[in-house]
Amino acid sequence: MVSFRFALIGLLVLLAFFASLLAGGSSIAPSAILAALLHPHSSNDVATIVWQLRLPRVAIAAVVGAALATGGALLQGMLRNPLVDPYLTGVSAGAAAAIALAILAGVAAPLLPALGFIAGLLTAVIVAALARRGGGVDANRLILAGISISALFSAIVVFAIARSDSPDAAQSILAWLAGSMAGRGWSDLLFAMPYVLIGAGLAALAAPALDALRVGDIRARTVGVDVDRAQWLILAATSLLAAASVALAGMIGFIGLIVPHVARRLVGSRARLLIPASAMCGAALCALADAVARSIIAPSELPIGVLLAFIGVPAFLYLYLHQEQTA
Amino acid sequence: MIALDGVAIGVPGRTLVRGIHARIAAGEFLAVLGPNGVGKTTLLRAMCGIRPVLEGTIAVDGRALRSLSVAARARAIAFVTADDAMIESLRVRDVVAIGRYPHHPWWEWNPNPQDHEAVERALRAVQMTREAERLFTTLSSGERQRIWIAMGLAQATPVILLDEPTSHLDVRVAHEILALLRDLARDGRTVVCVLHDLNDAAAYADRLLLLGCERMLACDVPDRVLVPQLIEEAYGVGVLRVDTPQGPRVFTAVRGE
């Protein structure tokens, strides 16, 4: 049964990727897309569009979606709180504040993703330091620190927008806040991949302890979990995955919050199933959302963060409230 | 076998009990008794290694507890606590399977046939096989209690410590659980259990460890521990002892004005 559900999710991922490859400014037949995929070294226009424009974008969307959903599933499990997402680490708020100030100061656009990444990680370190208790992480302190620091940095972003004399600068800040993968390519993905892979590796190390953490720290310790180590691993994994996502696509909300809930309904809550299912569903949803964002008001693009909020909020409310009623 | 030599336990800034000496053999059921706040739970947590002792040593099968790795400790000692936990969307079977964690290296994510067998055996022991597929959140508090015990059993350790395993349970289920613990001891496990009901403890346990204010008052067979003088010293309340064919029983002696 579980294998069948994973096969179904895998099929959905492939369909979402293919649908995303179809979306774009020029209309290309599905057969031509397939042919271009099979012949990467072909020099025709379709191959160039597919390999240089659309495929990197689908890959970036998949990586961002998988990273955010994995981070969400890890953090929700560790904190025993279904309402947290990876941005609780402060990564997005820190990155947004740094990027807003950088845009205001006239820093060149190509430097912004790296700046956002570093600022996001530094903020995560501050939040983690505030959440530290004894040798481990205190769940309530983490939530309190994450929300407080995020509020502080959000105020800095608003300040930067308010102080911006140039409409272009304000527009650029807003574009980052809304999230987008426009103009991203293979080089951006190559920059982020090492951090995504390290984050995924840390997540794989911590995931087996996740079920035990969900029944409380005391029980987790008595079944042999090094709770402090597992908590730091999860926090480091989530921060790296979120920071890499922010560097690639700006602020994309709701994936880290909603997708673990969807995955839970499909494969249950056991971490060994939930984490891979969350990553796969996150990749599919983000790729699909990016395709819709590119198509719905073409040739303009709807910011993917806005689109996901429109779809995500009602979907999340339905899923969560329905689950409460059936529990 | 678990041995406590001159153990002192406490909470930050306060020593609760000093001078605990006890040797609990394989096949023995020891009940830990004492008034609220005296340090019973703290003692159990120290005995499973999740809380340090202030003085003395605790050893399991001749090896000092603090010399064991976290995983080795978890393969030697299970600890069942009654603390509640909010667990979204985990099935009963999944919760019990968490007890199998110390039997896996970190890279092994999937359960093996021994895990399935241990989980089934544990569910059978607490008579919850029929509820295995239910969501944990849908269980009553008594049923949850049984699942926590099953999780401890699935851990398949030679020593099992239980903190008030009969709280939330009705009389019949409480006695079934105590009988199960006695059977576990008869099968060769070391069972240490915090209980509040003195008569339940006398009926099922081989020995009773009675904690009083800052010291261990006794660790002996029920006949020598359920003595009105000792009980009054521990709890500050007079009791009437009645000797029955099943052993001693005590009743609180309530004095009116």
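Modeller: A residue is buried if 20 or more other C-beta atoms lie within 10 Å of its own, exposed if 12 or fewer, and partly exposed in between, with C-beta atoms placed from the backbone. This is a predicted model, in which local features need pLDDT of at least 70 and side-chain atom pairs count only at pLDDT 80 or more, while totals for chains, interfaces and linings use all residues. Residues are numbered from 1 along each chain as its sequence is written, and chains are lettered from A and ligands numbered from 1 in the order in which they are written.

Biologist: Thanks! Is A:A243 buried or exposed?

Modeller: A:A243 lies in helix α11 of chain A. Its C-beta atom has 31 others within 10 Å, and the definition asks for 20 or more. Therefore A:A243 counts as buried.

Biologist: Which residues does A:A243 touch, not counting residues up to four places away in sequence?

Modeller: Two residues are in contact if their C-beta atoms, placed from the backbone, lie within 7 Å. With residues up to four places away in sequence left out, A:A243 touches A:V91, A:A95, A:F117, A:G120, A:L121, A:A124 and A:Y195.

Biologist: How many helices and strands does chain A have?

Modeller: Helices (H or I, at least four residues) and strands (E, at least two) are DSSP runs, numbered from the N terminus. For chain A, that gives 14 helices and two strands.

Biologist: What radius of gyration does chain A have?

Modeller: The radius of gyration is taken over C-alpha atoms, and the globule rule is 2.2 Å times the number of residues to the power 0.38. The C-alpha trace of chain A spans about 60 × 55 × 40 Å along its principal axes, and 52% of its 327 residues count as buried. A compact globule with 327 residues would come near 20 Å, and chain A agrees, with a value of 20 Å.

Biologist: At what angle do α3 and α11 of chain A cross?

Modeller: Two packed helices are described by the angle between their axes and the distance between the axes. Axes are lines fitted to C-alpha atoms, for helices over the stretch in contact, and angles run from 0 to 180 degrees between N-to-C directions. The axes of α3 (residues 45-79) and α11 (residues 227-249) of chain A come within 9 Å and cross at roughly 150°.

Biologist: Which description does that angle give α3(A) relative to α11(A)?

Modeller: Angles under 35 degrees count as roughly parallel, over 145 as roughly antiparallel, 65 to 115 as roughly perpendicular and the rest as oblique. With their crossing at roughly 150°, α3(A) and α11(A) are therefore roughly antiparallel.

Biologist: How many nonpolar, polar and charged residues does the contact of α3(A) with α11(A) have?

Modeller: Ala, Val, Leu, Ile, Met, Phe, Trp, Tyr, Cys and Pro count as nonpolar, Asp, Glu, Lys and Arg as charged, and the others, Gly among them, as polar. Residues meeting here include A:G71 and A:L74 in α3(A) and A:T238 and A:L241 in α11(A). The contact comes to 15 nonpolar, five polar and no charged residues.

Biologist: Over to chain B: what radius of gyration does chain B have?

Modeller: Chain B has nine helices and twelve strands. The globule rule gives 18 Å for 257 residues, so chain B is as compact as a globular protein of that length, with a radius of gyration of 19 Å.

Biologist: Which residues of α5(B) make the contact with α4(B)?

Modeller: Helix α4 (residues 113-125) and helix α5 (residues 141-154) of chain B pack at about 140°, with axes 8 Å apart, and that makes them oblique. By class, this contact has eight nonpolar, no polar and no charged residues. From α4(B) come B:A118, B:V119, B:A122, B:L123 and B:A125, and from α5(B) come B:A150, B:L153 and B:A154.

Biologist: Is B:D61 buried or exposed?

Modeller: B:D61 sits in the loop between β4 (55-60) and β5 (63-64) of chain B. Its phi is near 50°, a positive value in a residue other than glycine. Because it has 12 C-beta neighbours inside 10 Å, B:D61 counts as exposed.

Biologist: Which element gives the largest share of the side of chain A that touches chain B?

Modeller: Here 23 residues of chain A are in contact with 31 residues of chain B. On the side of chain A, the elements giving two or more residues are α9 (210-214) and α10 (217-222). The largest share, four residues, comes from α10(A).
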